[in-house]
Amino acid sequence: AHLAQMAQSVANLVQLTVSSFGNLESLCEADQNFYTVLSLRTCPQGRPLLPGACPLSLNLGEDPWCVLLDLPEGADPAFTFWFRPVGDFNFPNYLFLFLAAIGCPQVQVFSSIDGRPLVPYQAVVRRSQWMAVNSSFEAAWKVHKMAYRKLNSTKHAPTISEAKTPRFAEVPDSYLDDPPSVPLKSL
């Protein structure tokens, strides 16, 4: 009797699981719409720039890493000075710094999806957060393009666009078998 009851419980669980697969597609679709994958493209003259405060001692005519723009009256003065960040570069970190610099630090920027790391020129943001800051981002990015073109004396500037699909970085099998972890003490 006990074995029959257990078999019936397992059968009910299997039936419930199978019936939920009908909802699995809608859950996967909702998950795909929850995030937006962004791609950085066309950096012909080096990495993109960040807005910042202009140091008083800087000689802009001699510094190949900085540019000062003459913006029209009424433009945001925070966007007059631009500099090229140094050190290791990856797009998710850059995007986070750019968004914070333009007053949008609330946007969470990720470098992986479902535990799989993206290629260095892609980042993931929550769609709702991206839509909330998109007009601010577009205005600042337009000025960024001007600064990039002026600093590099070029017609082309980096673009950021929504990617149709994420591109995943190749990782060694050992990474997938034993991914890096965060110690609980640090949480």
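In which helix is methionine 146 found? I began my notes with this residue, and in this predicted model I found methionine 146 in helix 3.

**Entry on methionine 146.** I looked up how open this residue is, and methionine 146 turned out to be partly exposed, with a relative accessible area of 38%. Setting aside residues up to four places away in sequence, I noted that methionine 146 touches Leu69 and Leu71. I also looked up its distance to histidine 156, which is 10 residues away along the chain, and the two C-alpha atoms are separated by 9.6 Å.

**Entry on the core.** I then turned to the largest nonpolar core, which has 31 residues, and I wrote down those that touch the most other members: Trp82, Phe91, Leu95, Phe98, Leu99, Ile102 and Phe137. When I asked which elements contribute, I found that strand 1 (35-41), helix 2 (91-101), strand 8 (122-126) and helix 3 (127-152) each supply at least two residues of this core. The largest share, nine residues, comes from helix 3. I followed up leucine 99, and, leaving aside its neighbours within four places in sequence, leucine 99 is in contact with Cys104, Pro105, Val107, Val109, Trp130, Val133 and Phe137.

**Entry on strand 1.** Is strand 1 largely enclosed or open? I noted that five of its seven residues are buried, so strand 1 is largely enclosed by the rest of the structure. I next looked up its partners, and I found that strand 1 runs antiparallel to strand 8, with five bridges joining the two, and that strand 1 also runs antiparallel to strand 9 (159-162), this time with four bridges. For an example of each pairing, I noted that serine 39 has glutamine 122 in strand 8 as its bridge partner, while leucine 40 stands opposite isoleucine 160 in strand 9.

**Entry on the salt bridge.** My search for salt bridges came to a count of one. Arginine 127 forms this salt bridge with glutamate 162, and the closest N and O atoms are 3.7 Å apart. Because arginine 127 lies in helix 3 and glutamate 162 in strand 9, the pair ties together parts that are 35 residues apart in sequence. I checked the accessibility of both partners: arginine 127 is partly exposed at a relative accessible area of 29%, and glutamate 162 is partly exposed at 45%.

**Entry on the cysteines.** How many disulfides does a search of the whole structure find? I recorded zero. I also looked up two cysteines, and cysteine 43 is partly exposed, with a relative accessible area of 30%, whereas cysteine 104 counts as buried at 5% relative accessibility.

**Entry on positive phi values.** I reminded myself that most residues other than glycine have a negative phi. With that in mind I looked up aspartate 114, which is not a glycine and yet has a positive phi, near 50 degrees. Aspartate 114 has its place in the loop between strand 6 (112-113) and strand 7 (116-117), and aspartate 114 is exposed, with a relative accessible area of 69%. Serine 153 lies in the loop between helix 3 and strand 9, and at 69% relative accessibility serine 153 counts as exposed.

Terms used:
Residues are numbered from 1 along each chain as its sequence is written. This is a predicted model: local features need pLDDT of at least 70, side-chain atom pairs count only at pLDDT 80 or more; totals for chains, interfaces and linings use all residues. Side-chain values use heavy atoms; hydrogens and water are left out. A nonpolar core is a set of buried Ala, Val, Leu, Ile, Met, Phe, Trp, Tyr and Cys residues joined through side-chain atoms within 4.5 Å. Buried means under 20% relative accessible area, exposed over 50%, partly exposed in between (1.4 Å probe, protein chains only). Contact means heavy atoms within 4.5 Å. A salt bridge is a side-chain nitrogen of Lys or Arg within 4 Å of a carboxyl oxygen of Asp or Glu. A disulfide is a pair of cysteine sulfur atoms within 2.5 Å. Two strands pair if DSSP finds at least two bridges between them.
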